[in-house]
Amino acid sequence: NSEVFILAIESSCDDTAAAVLHNDKVLSNVVANQLIHNQYGGVVPELASRAHQQNIVPVIDAALRKANIQKEQLSAIAFTQGPGLMGSLLVGSSFAKSLALALQIPLIAVNHMHAHILAHFIDEEGYDKPEFPFLALTISGGHTQIVRVDGFFDMTIIGETTDDAVGEAFDKSAKILGLPYPGGPLVDKYAQLGNPKAFAFTKPKVPGLDFSFSGLKTAILYFIQKKQLENPNFIEENTNDICASIQHTIIEILMDKLKLAVKETGIKQIAIGGGVSANSGIRATLKEAEKKYGWKTFIPKFEYTTDNAAMIGIVGYQKFLSEHFETSSVVSKARIQF
Ligand code: KG4
Ligand code: ZN
């Protein structure tokens, strides 16, 4: 079947997103960011659900218009089932159910974490698709996982964080430096101007392929407090170097585990996904690893790294082909088995 049109809806956290795919090609990919949370220094679930409710109809409308598709042409509706904030997920799933019912077309439930990984299968000029098996490093504000991917729906988590996610490590470090939320992109920006070896932070000792980031945050806090006793302007005078050193430490932690994962599995194809894969240092380090270690690395197009609905759509397309549909009694799941 070469004429599959999927409308995909993503509302797991604080972005309301809709996309239309024609087979594995993205016709439109619309995201409404909720800036309301920035003033609170983190996502406020109650406000997120309300904003989804406000945004969902205009966002879906815009996705259909940009794709130049009538809703009667749609083959199926795919939505994020979880993991995520329950109140946010419910807005997307209820809308998806109603529209699928009204149009009498199949309903497809998508695991958000599968979607971050399978985003690499979107047909996009200049971007190669990985071959099975490959390793996926999923790094976002909520997750840090190394996943062994043997097939579209054959995935095994082989390593994950035991506390904070990488995105939280970036955001919490930024907060210590007095940078506004979400600080990850700002740390990245200042890091590009600083010396990554200016300051040394000890890396956590975690066995196997698991991660820990909460200790790093504490180490940074104590380091800053100590330096500020000597020089009250320490942060202002060293922002670039501090950010470069923090980012360097985080990248080393990720790379140490990736190297171990490659060694243990023998798999040298590495795909990254999740909001933190927008980080310029991580992107550059992974590119270098191709020459340095003989890996093949897959770095998604920027708009498919942070939360988006196109990645939900590509999973929807795969599930459509295998007729993996849901009834309208399917429920959202804040936590979801891989
Ligand atoms: O995947 P995502 O959009 O949302 C979820 O958490 O699911 O990821 C958001 C996270 C935030 O922690 C944000 O600070 C981080 O990704 N982030 C970055 C960069 N861009 C976004 N962290 C470091 N460098 C970046 N350039
Ligand atoms: Zn995400």
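Start with histidine 112: this is a predicted model, and here the residue counts as buried because 25 C-beta neighbours sit inside 10 Å, where 20 or more is the cut-off. Histidine 112 belongs to helix α3, residues 112–118. Leaving out residues up to four places away in sequence, histidine 112 touches Ser12, Thr80, Gly82, Pro83 and Gly84.

Stay in helix α3 and select histidine 116. Buried or exposed? Histidine 116 is buried, since 31 other C-beta atoms lie within 10 Å. Setting aside neighbours within four places in sequence, its contacts are Thr138, Gly273, Gly274 and Met311.

Colour its five strands and you can follow the order β8-β7-β6-β9-β10, an open sheet with mixed pairing. At the edges are β8 (154–160) and β10 (296–298), each pairing on one side only. From one strand to the next, the twist averages 25°.

Zoom in on β6 (residues 134–139) and β9 (residues 269–273): they run parallel and are joined by four bridges. For one of the partners, click alanine 136, whose bridge partner in β9 is alanine 271.

Last stop: helix α7, residues 234–265, which packs on the sheet and touches β6, β7 (144–151), β8 and β9. Look along β6 and compare directions: helix α7 makes about 155° with that strand.

Methods:
Residues are numbered from 1 along each chain as its sequence is written. Chains are lettered from A and ligands numbered from 1 in the order in which they are written. This is a predicted model: local features need pLDDT of at least 70, side-chain atom pairs count only at pLDDT 80 or more; totals for chains, interfaces and linings use all residues. Helices (H or I, at least four residues) and strands (E, at least two) are DSSP runs, numbered from the N terminus. A residue is buried if 20 or more other C-beta atoms lie within 10 Å of its own, exposed if 12 or fewer, and partly exposed in between; C-beta atoms are placed from the backbone. Two residues are in contact if their C-beta atoms, placed from the backbone, lie within 7 Å. Two strands pair if DSSP finds at least two bridges between them. Axes are lines fitted to C-alpha atoms, for helices over the stretch in contact, and angles run from 0 to 180 degrees between N-to-C directions.
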